[in-house]
Amino acid sequence: MPSSSSRVILRGLSASQIQKFIPKKWKQGVNDPPMIVEVIATLKEFASRGNLSKAFEVFSRIRLHASFSASHDVVSDPISSLFLCCNKVKAFEQGEQLHAYIIALGLENNPILLPKLVTFYSSFSLHADARVVVQNSNIFHPLPWNLLISSYVRDGFFAEGLAVYKQMASKGIRPDNFTYPSVLKACGETLDVAFGREIHKRIDACDEWSLFVHNALVSMYGKFGQVDVARQLFDEMPERDAVSWNTMIYAYASEGMWKEAFELFVKMQEAGVEANVITWNTIAGGCLRTGNFEGALKLLSQMRTRDANLDSVAAIIGLGACSHIGAFKLGKEIHGAAIRCCCAEYDNVGNALITMYSRCKDLRHAYVLFQMIEEKSIVTWNSMLSGYTHMDRAEEASFLFREMLHSGIEPNYVTIASILPLCARVANLQHGYGIQGEGQVALKLFKEMNKYQIRPDHVTMVAVLSACSHSGLVVEGQMLFEKMMGVYGVFPRLEHYACMVDLYGRAGLLNKAKEIIMKMPYIPTSAMWATLLGACRIHGNTDIGEWAAEKLLEMRPENSGYYVLMANMYAAAGRWNKLAKVRTFMRDLGVRKAPGCAWVDVGTGFSPFLVEDTSNVQARQIYPLLDGLNELMKDVGYVASEEFCSEDEVIEEIG
């Protein structure tokens, strides 16, 4: 027996040094098993360290011994180690040389080497080569087929993985517990319900049940949207691990069944099963979607007590919750944690940070973060634009919108929803991308999505509801909103409720708009109250208008624009005594109406002009020009309508 000291001596030696230990009689073809064992051990040591060149040097000695002894069995184990090393260091050419050597020795059907060949080609995503290796073999063990199927499924080639499984079955090779999880995953990802059920029946018939197979079945039915079947399988499991719980919770979450997901999460904690990061994020994200912002932050806090690391998903959820409730201090803490865990540089985290700082009224930091993102996506632009519009910063929003267009980014419905109210406010109709009458087009596109089984998300629903609102498609918009949860699996967010308030308000269905605000599980925003108030002015409903005005002024009493909305509503209804009270409130509170602002396109950009503003360097040329334009307008018969007099004139008239 070789001593332990000999093992130590051999490690780290070069090929020439190792050769000194090989006796002459071995070179002459006489077997010396103890010594070859030591040499193979040295090769494995080099291979495990990723030192491929040293490992091949040692292998040359082993090949020499194999040729002398006329036995090839001794090389199969070293070749296996070399293949593992080739995978590790991505040495494709050396791996191909090993394959050629295997063929030369006639070992391509060796039960030890065949799986290594499949793994080698699969690791380089050469699935066709791996498939040829398996198909040309005469081995009826499922292992190489399992490796091939799993490699296809792992890389997203689900249809190919299922095709290999069918070929495997046609050859009479019996699947095992390691075959079915990959096949079931492929069925779930391709939504192949019929074949998935067939595989389920085969598993039942051959009694090939295991924890891995059971978990894969739960996951597959969850992907199919058949959560009742998935839950039945989950309840029938003789044993469950963390994957079982996580899979079932994720199935509920995927269908928007947050109540069931929350309940199962509580049971999971009561059972003492540790949830993974994905499940923590899923449940916290569910709280965010259902408006339980404090609950989302609480879950993230609990997660951090178990694991100090904060991933990008958790950071986005936490920042989203802080944005909704204005938790600025906590938002900055999450920002710091994101920097420490190196996820603040991710674009989606950056977008969430921009939104958080904007919603918390720190537009300076939001813009700094916006500038730091090199490749700005439409989401990045929308985040910054919504920040400006949320703070009624019309000028900055307008210029940013122009900058976005010049950069080649096409606006989407989220962009339009953000910029359109401000465009109307500054009379920038060129920036308005009018969407009147485009509702039918949006509905047609939405139907096309359903036809091709493309699931809409919350952004899609905002887009189509907004289109219905601007096109007066009340019935269609209402039906879509009612189907959001049950049919499309999209839990209504604050922006969806805002679309419905706008939809009903534009149509004059003010009681329905009020009902939406009162029943929704969110705190109404000032923009939502302003939308309702504006609709009340148009349709002459001062009762609901006064109710909306009171709520609005409780939130933003310093905003002069909201007093003007109230004044216009009372003026339209002829309620002059109420209009006088608005004027008194503004004077007593020290709220001043911002001067009227006009925007003129001067070719290189838009230039703002305020009422009675003489600070402009071209004022002396501008005012005579305006006087001349007024005279020309009078000459062609234009007379300003008293019905639509300016807001300043209305207030001054009763002042």
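Visitor: Why is Asp-77 called partly exposed?

Guide: Welcome! Asp-77 has a relative accessible area of 34%. Buried means under 20%, exposed means over 50%, and partly exposed is what lies in between (1.4 Å probe, protein chains only). The 34% of Asp-77 falls in that middle range, so the label is partly exposed. A word on the source: this is a predicted model, in which local features need pLDDT of at least 70, side-chain atom pairs count only at pLDDT 80 or more, and totals for chains, interfaces and linings use all residues. Residues are numbered from 1 along each chain as its sequence is written, and side-chain values use heavy atoms, with hydrogens and water left out.

Visitor: What makes Lys-44 and Asp-77 a salt bridge?

Guide: The term asks for a side-chain nitrogen of Lys or Arg within 4 Å of a carboxyl oxygen of Asp or Glu. Here the N to O distance is 2.7 Å, so the pair qualifies. Lys-44 sits in helix α4 (residues 33–48) and Asp-77 in helix α6 (residues 73–89), so the bridge ties together parts 33 residues apart in sequence. Helices are DSSP runs of H or I with at least four residues, numbered from the N terminus.

Visitor: How do you know that Arg-154 and Asp-155 form a salt bridge?

Guide: Their closest N and O atoms are 3.6 Å apart, and because the limit is 4 Å, this pair counts too. Arg-154 is exposed at 53% relative accessibility, whereas Asp-155 is partly exposed at 32%.

Visitor: What separates Lys-519 and Glu-515 in helix α31?

Guide: About one helical turn, because they are four residues apart in that helix (residues 510–519). Lys-519 is exposed, with a relative accessible area of 66%, while Glu-515 is partly exposed at 36%.

Visitor: How many salt bridges does a search of the whole structure find?

Guide: It finds 10. There is also a network of salt bridges linking Lys-185, Glu-189 and Lys-223.

Visitor: Why is Leu-632 called exposed?

Guide: Its relative accessible area is 53%, and because that is over 50%, Leu-632 counts as exposed. Leu-632 has its place in helix α36 (residues 619–635).

Visitor: Which residues does Leu-480 touch?

Guide: Among them are Leu-443, Phe-446 and Tyr-488, leaving aside residues up to four places away in sequence. Contact means heavy atoms within 4.5 Å.

Notes. Helices (H or I, at least four residues) and strands (E, at least two) are DSSP runs, numbered from the N terminus.
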